[in-house]
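Work through these exercises with the model open beside you. Try each task before you read its solution.

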Amino acid sequence: MYSIIVVPPPTTEDEHRPDRSAAQFRLAPGERLSFGRSARDNTLAIPHEGVSRRAGEIAAQGAFWVLSNLSAHQTYVVENPEGAGEHIKVGPGRLDAPVPFEFSRIVLPAAGDLLPLEVWAPRHDYLRSPGALDGATTTPAFSVDRTKRYFAVLAALCEPRLRGEPHAPIPTVDQVVDRLRPIWPSAGRANVQWNIDYLAVKLPLKPGPDTADTGPRLNGKKESLVSLALRFDLVLESDLTVLTAPVPGGVQ
């Protein structure tokens with residue numbers, strides 16, 4: 001199976017091409033693809049005056065890939081289009097920077113333009129254990145019940161960024177109430193705020209009320225909850241279906 005699929009920046013010719021798959025480059029493990037302005041010196045030519053003659057190189061490494069920035073002055077940004085603003089920066093001259101995203105967009109700054117170069121890493125390798133090991137099972141890092149009201153509150157907080165707006169402001173408590181009321185008619189400021197406070201202890205962002213030291217006051221509680229949830233995939237875009245189904249009882 002190919003490790004990496006590279007999709008070049010769109011051109012005017014693509015508007016008349018019924019299938020862009022013909023323009024894709026497929027790399028097996030160990031293969032490399034160079035890109036830049038020069039058609040003679042690169043596998044993928046990007047004919048833009050703002051792109052270096054030899055701009056960079058992509059190398060397939062099993063289930064992931066690495067990026068080398070061969071330009072002298074430009075920093076490349078590699079974005080995760082499916083994430084919540086995750087990105088890495090690869091500075092000029094950096095070689096073999098590992099990219100952790102399954103779907104990636106290399107953004108090439110080019111004389112006022114930003115050229116997108118998409119890279120897909122569809123290969124997934126998983127551990128094949130011969131059998132269960134003896135001993136107690138590992139305690140989950142985060143324990144959340146997707147049938148509880150607190151999870152619906154968390155999903156409503158994460159929704160704008162999961163919908164493709166990585167820098168969207170976090171919803172206010174009133175906005176969360178309005179979002180949840182169609183599926184939770186009794187939702188109000190008090191019980192939504194209660195669930196936010198409960199999540200801050202459960203995940204945990206602060207100690208529980210029964211501890212001797214409850215810690216400092218937690219500012220930006222909603223922002224911290226969303227950041228944690230998205231960073232560790234506690235809420236995925238597929239989980240937003242909880243916002244369209246009636247919320248059962250459970251936590252307030």
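**Exercise 1. An open sheet**

Find the open sheet of five strands in this predicted model. In which order do its strands lie, and which strands stand at the edges?

Solution. 
- Step 1: Trace the order. The five strands run β4-β3-β5-β6-β9 across the sheet.
- Step 2: Check the pairing. The pairing in this sheet is mixed.
- Step 3: Look for the edges. β4 (44-45) and β9 (97-99) each have a single partner strand, so one side of each has no neighbour in the sheet.
- Step 4: Zoom in on one pair. Strand β3 (residues 32-36) and strand β5 (residues 56-61) are joined by four bridges in the antiparallel sense.
- Step 5: Pick one bridge. S34 has E57 in β5 as its bridge partner.

**Exercise 2. Helices α1 and α4**

Find helix α1 (residues 149-162) and helix α4 (residues 221-231). At what angle do their axes cross?

Solution. 
- Step 1: Compare the axes. They come within 10 Å and cross at roughly 70 degrees.
- Step 2: Name the arrangement. Angles from 65 to 115 degrees count as roughly perpendicular. Therefore α1 is roughly perpendicular to α4.
- Step 3: List the contact. α1 brings L154, L157, C158, R161 and L162, and these meet K222, E223, L225, V226, A229 and L230 in α4.
- Step 4: Sort the residues. Eight are nonpolar, none is polar and three are charged.

**Exercise 3. Helices α2 and α3**

Repeat the analysis for helix α2 (residues 173-180) and helix α3 (residues 189-202). Which residues meet where α2 touches α3?

Solution. 
- Step 1: Compare the axes. They approach within 9 Å and cross at roughly 105 degrees.
- Step 2: Name the arrangement. α2 and α3 are therefore roughly perpendicular to each other.
- Step 3: List the contact. V173, D174, V176, V177 and L180 in α2 meet R189, V192, Q193 and I196 in α3.
- Step 4: Sort the residues. Six are nonpolar, one is polar and two are charged.

**Exercise 4. One lysine**

Locate K221 in helix α4. Is K221 buried or exposed?

Solution. 
- Step 1: Read the value. The relative accessibility of K221 is 18%.
- Step 2: Apply the cut-off. Buried means under 20%, so K221 counts as buried.
- Step 3: Find its contacts. Leaving out residues up to four places away in sequence, K221 touches Q193, I196, D197, A200 and L205.

**Exercise 5. The whole chain**

Now zoom out. How many helices and strands does the chain have?

Solution. 
- Step 1: Count the elements. There are four helices and eleven strands.
- Step 2: Check burial. Of the 252 residues in the chain, 38% are buried.
- Step 3: Check the surface. The chain exposes about 14,600 Å², and carbon and sulfur atoms supply 52% of it.

Terms used. Residues are numbered from 1 along each chain as its sequence is written. This is a predicted model: local features need pLDDT of at least 70, side-chain atom pairs count only at pLDDT 80 or more; totals for chains, interfaces and linings use all residues. Side-chain values use heavy atoms; hydrogens and water are left out. Helices (H or I, at least four residues) and strands (E, at least two) are DSSP runs, numbered from the N terminus. Buried means under 20% relative accessible area, exposed over 50%, partly exposed in between (1.4 Å probe, protein chains only). Accessible areas come from the Shrake-Rupley method with a 1.4 Å probe; for residues, only the protein chains shown count as cover. Axes are lines fitted to C-alpha atoms, for helices over the stretch in contact, and angles run from 0 to 180 degrees between N-to-C directions. Angles under 35 degrees count as roughly parallel, over 145 as roughly antiparallel, 65 to 115 as roughly perpendicular and the rest as oblique. Contact means heavy atoms within 4.5 Å. Ala, Val, Leu, Ile, Met, Phe, Trp, Tyr, Cys and Pro count as nonpolar, Asp, Glu, Lys and Arg as charged, and the others, Gly among them, as polar. Two strands pair if DSSP finds at least two bridges between them.
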